[in-house]
Structures are given as C-alpha cells and as structure tokens.
Amino acid sequence: QICNQHNAEAPNLEQVFHRMAQTEPNLDHDVSWFLLPSYWAKMVVALISFLCFANSYDGDFVFDDSEAIINNKDLRAETPLGDLWHHDFWGSKLSSNTSHKSYRPLTVLTFRINYLFAGGFYPVGFHVINIILHCTISVLMVDVFSILLGGLQFSNKGRRLNLAPKTSLLAALLFAVHPVHTECVAGIVGRADLLCALFFLLSFLGYCKAFRENKEGHNFSIFWVLVSVILGAVAMLCKEQGITILGLNAVFDALVINKLNVLELIQKLLHKDKSLENAGLLRKGLLFRITLLMSGGASILYIRWRIMGTGPPAFTEVDNPASFADSLFVRAINYNYYYSLNAWLLLCPWWLCFDWSMGCIPLIKSVSDWRIIALAALWFCLIGLICQALCSEDSHKRRILTLGLGFLIIPFLPASNLFFRVGFVIAERVIYLPSIGYCILFTYGFSLLSKQAKKKKILAVAVLGILLINVMRCALRSSQWRSEEQLFRSALSVCPLNAKVHYNVGKNLADKGNQSAAIKYYREAVRLNPKYVHAMNNLGNILKERNELQEAEELLSLAVQIQPDFAAAWMNLGIVQNSLRRFEEAEQSYWTAIKHRKKYPDCYYNLGRLYADLNRHIDALNAWRNATVLKPEHSLAWNNMIILLDNTGNLAQAEAVGREALGLIPNDHSLMFSLANVLGKSQKYKESEALFLKAIKANPNAASYHGNLAVLYHRWGNLDLAKKHYEVSLKLDPMAPGTKENYNLLRRKLEQLQKKGG
C-alpha cells in the first residue's frame, strides 16, 4: 500500500530531507549540555522519571480512585466484558442522565486486568503500572523531541537520524520531571492520560514512519498513515484528548514534510495567487494524507457520538461556575483566566491541588479585577510567539515555534470549554499532553539564550538546577498522593476557599473516627458553599450519631430542599425522624428516597427497621427481603429477618431464611450466630453447637457468642462446657445482660449436684 504518484514540480522527499539537514541550523550547536548516545539518553530519562515517582508505588487508592476503581462494577469478573463498551469511565451506563459521558473503555480494561491479576483491590499493582507507563512515555519523548526539534531525516538504510541529541535529551528530561504530571502518575485514575499519551506518541511516530525511504523510492506509505489513524483512535478510547493527534500529524506534515510557509500561503490566498502549488499546499500527497487524517478523525468522532448518545454530559455550577455565567463577557474573561493559570502551572508548578473547583478560583466579574493582568500577560506572550511563528524569516524558528504552539494548544482544546462544557475549572491531568509544547518552547528558548550567552556553562547549571528542583518537587508531591489525609491537607494552603477540600478533609477524619474534628471541616465547607448538600448530609449524619437530632434534621431538610432528588439525604432524614419518633414523616422520607433511587437496599433496610418498631412485621419482612434482593450480601437485613422470625416464634421460617443467607454469605459470623440461636431453640443442639464454634473462631472476642453457646450447653446438659463459656463471656463483658444470672443459676445447680453426689 505505497503511494507511487509523483509530481514533477515537487522535489523528491529524499532530497527535501537531505537539504533540510544541509541548510537548517542545528539547535545543538550552541547548547552546552550532555551529549549521550541515544541508548544512554533513554536510560537516563527512564531512570530519572522513575526516581521522581517511585515513592508513590505503595500508595493507597485516593480521591477519584474510589469511584473509578473500587466502586466500579466493570472491574469485576462477573461483569461481562461487553459492558465496558456501553459504560462510561465510572461504570455508569452512557445512556444515563447522570453519566459524565467519559468514554474510556481501554483504560477501564487495564484496571480490570490489574484487578484480576492482583486477585482484588490491592493498589500496589495499579501504581506500578502507572509508573512504568510514565517512564515509557518519557523514553519515547526522546525520539519525539528529536524529530520536533531537529527535523525528520533517515539514513540510506532507512534509519531515522537524531539531529538534535542534546536538546532532545533536555526536552525529554523536562517532560519526565515536570511536577504537574504527578496527578497522572501517582493518582491511579491518571492512567487514562498516560495510556492516551502513549498511543498519542505512537501515532505520531507511526506517521513519521510513513516518510521513511524504502527500496522502491516511493514518497510515502499509506499503510503507516492508516496505522497512525488507528493508533489515534486507540488513544481516544483511553481518553478523549487522543483524537487531537490527527490534527497535529497534519500540522507536522505541512510544516516539516512539505515545509509550508503559513504566512506566505495566507497572502497568496488573499491575493488569489495562482502559484499556490509552489507554496506547498498542492504538493503531491499532502492533500491526500490530510484527507485520510480528516476522514479517519470524522469517522472516529461519529462512532464516538453514536455510542455516547446525543445528550451532553451533566455537570453542575460548582463543577465549572464560569460556564454557567449568564454574561458572555464573564464566561470569556474567566475561561481566559483559567488558560493563564494552566500556563502558570507549566511555568511554575509549585502550587498544586487535587481539585480546583468550588470557590477555589472566584469568578472575575469586572475589568477592574487585578487578575485581568494575568490574561493580558498570557495573550501578550501568545501573540508574540504567534507573530514569530508566522513572520520570522528564519524557517527553522517558524517551524519549531509553530510545532511548540501546536503541541501546547491543540491537545488542550477538548478541555478549553470552547466546544462543550467540561466538568472542572482546572485539572492538572489535562496538561500532561500540552506540556510537550511547553518543553519544546522552553528548550528552544534555552538554545537561543545559549547562542547569546558568553558563559554557557552557567546557563546549563541553571537549567540543571531547575531539573533538580522539579525532581524534588515530584518526589514531595508523590508522597502527598500516597494517602488521602496527606493529599487533602496539602490542598488547604493552596485552595483555602475550596469547599470540596474542607469536605474531603472532614470525610477523611470522620472515616478515622475523629468526629469532632470532622464537624469543624464540614461546617467550614458549608460556610464556604451554603448549597453544598453532600457536606450537609455528612454533617447531619455525624450530628445524628451524637444525638444532636434537631440540628441534624435542619441540615438534612435543607439539603433535600436544595436538591430534591438527593436520595441519601432523604434516607438520613428518615433515620433522624424515626429517632425523633415522628414515624409517619420518617416513612414518607424513606419512600421519597426510594422514588429517586429505585435500587436502594440500605433504604429498604431502614424502612424495615421502622416497620419493626411499629410492629408491622409483614411490612418489615418485605422491606428487608427487598434489601436482600437488591443486595444479596446485605448481612444486616438477613440478620434482622432471622431475629424477627425467631422472636415471633416462626422458627422453621427463621431457619430457612438463615440457611439461605449463609448460602449467599458463608463466612458471615453474625449470620452463623443468629442461625445457631434458632437451631438451639429447635433442639438441634449438635448443628447449633457447630455454628456457634465457627462464629467464635471467626470472632473470638464477642461476649454474646460465648454467652449464648453457654446457654445451649446449659439446655443440652453439658454443664462443664456451659460454665467455661459463661466465664469467658463475663471476662469479655462483665455487664453482659442475662449472662451473670444464668451463670449463677448454673453454679447453684452444680453445687446441688455436688451435694447429692457427696
């Protein structure tokens, strides 16, 4: 599949490459930097990129990892593989109104493989793969930067030559150690960006192979162009940004392969010059290749659109407040301010945060806001670079600046809010690919300074210092990503106005049992964002547990008033109302929760408890049965059914339910205990004893287990064993209800037997 058409007026590509090497200046000429063979350069880059993030290998699942991995049913073996192609990144159906429409099935597939090989949710394997991926990408960057900075030329044997070994090594090192990449590498969810970047680069390198000289001497290989399109599609199936490589391949083709002068072309178009062919636009093969790229891209996007459905993703104002602003002026100003902050993170990646939403960056609403300076600075720099990229007489400068700007801007476009609303204000992970453009521009600037500087070594030492600082910053930031506590607390100084930061710190403290400290952070989250319903819900839960029911009810009522379909808040409100003995209101709240979330086993469980308190036994059993149908491993619901049937004298039915429950959850010691009680009352002593002993083996410190086993032995007539287990029970819990009385009865009986025997 080789294109053998030839244009007599277009120079042979071999001659183009040869002339490129002859006439274009070499960036490495004036640069004082390490000159290493290609193999050693790649080894150095791999080693340093590994050192930057190695300390994240044994980190926990943090932040979004819980939803994307632990709670994602698509990772489990029982979920058919085909479902991955119909679900979003978080495991929800793409057709659902709540889906974020993030379609990344190949990334989810790698998570699933990780889960299967590890035999469960063990984060080490997930982290190791992320580190390996970043090292691999960094190594590939040596080849990519050698092309972008030095041009594309092949030897007589068809081997690509590295015409910029020093600057390509420097640029690859800058990429490998950039601290803004920490979220992608140390956060497991960042694998989407890593896999996307891997296939993005492979697509670019594949496209370059299309112009490798071959025996027939043809101009380019259609096969490699198609391979590049396919790899671009694979990149998009890892993350949406991947599709942008097709546009960058077209830009590279025009600028490097065909040496197109964009300004000259624009002038000729404006003047309707008939010599456009000489400008390079109609050179043989260029339009054909760009047509292939555009057709492939359009087909990929159409298939993606059909799979996703026509509905846009559902985001809220707190996710991206600027996109909800009524004024076009306010939206435009704030979008541009976000761009300037992204640029600043590339230039000075010191203030990093896991989340930039919820008031972290207040909206600019007036031109008198001093932050307008950041916009002016951004566009001053961009316009200056664009002018140089278009108007410079130096073709080498035009090419490098245009490629640098292209790799900086084009991969960022899906996150720019220009085409559709995104669900974040700033996300460090989306700068992973655009940082390629930053590294090109930084390296080119360094080469220009080196050309002018008299003491080149001092300049090289300064750059080496920047690299060293970045390595230390990466190591520090990676350690912060190792646990949620460190990650969330690290954000307090960066985004003190971010309600989500305070919420997450509070949630982490609550999970560790520190309720008093958690309350403080939840209150601050609600103060910063008075409509933060999740903070209200969690704060209400803690207050409920501390028996501060009045305030808990107020918070939960406000939460459901702000968000009427918030099922969890409705259920928690029902629990509080039940505790306040307002049973009718509680029942109504539970049913409202179920209306908004049809499959809600915990709510059915709590509804069953309400009915049990009201002695509506049939309704209670039905509610708990619904809970176990929706969630077969719902141990509490099974237990309550067994206990209620036992207490109402339905021993046969209680036994049947207990056996059914143990069949589904065979290692649950609480179910063993409940069924053992039923069997003991049914005088099935041997089977009851076996279950009691099994429950005690699983949980040896449960006083009630020993106490009830003692009662069984007492009934059975095994008095010595009964005495032993009564004593163990009292040792574990001296206040165990009924145990002391039963033990005293047994002692009196033993004393009577001894007297008779005497």
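The model is predicted.

Start with the repeats. An unreviewed UniProt entry places the feature "repeat: TPR" at residues 499–532, 533–566, 601–634 and 703–736. Take residues 499–532. This span is 79% helix and 0% strand. Its end C-alpha atoms are 8 Å apart. Now turn to residues 601–634. Here too the chain is 79% helix and 0% strand. The end C-alpha atoms of this span lie 8 Å apart.

Next come the cysteines. A disulfide requires two cysteine sulfur atoms within 2.5 Å. By this rule the model has 1 disulfide. The bond joins cysteine 360 and cysteine 495, with sulfur atoms 1.8 Å apart. Cysteine 360 sits in the loop between α13 (328–347) and α14 (372–391). Cysteine 495 sits in the loop between α18 (484–492) and α19 (499–511). The pair therefore ties together parts that are 135 residues apart in sequence. Cysteine 360 is buried, at 13% relative accessibility. Cysteine 495 is buried as well, at 1%.

Cysteine 135 is buried, with a relative accessible area of 11%.

Cysteine 184 counts as buried, at 0% relative accessibility.

Terms used. Residues numbered from 1 in each chain as written. Predicted model: local features only at pLDDT ≥ 70, side-chain atom pairs only at ≥ 80, totals over all residues. Heavy atoms only, no water. UniProt positions renumbered as here; feature names shortened; annotations may be inferred. Helix = DSSP H or I, 4+ residues; strand = E, 2+ residues; numbered from the N terminus. Buried < 20%, exposed > 50% of the residue type's maximum accessible area, 1.4 Å probe, protein only.
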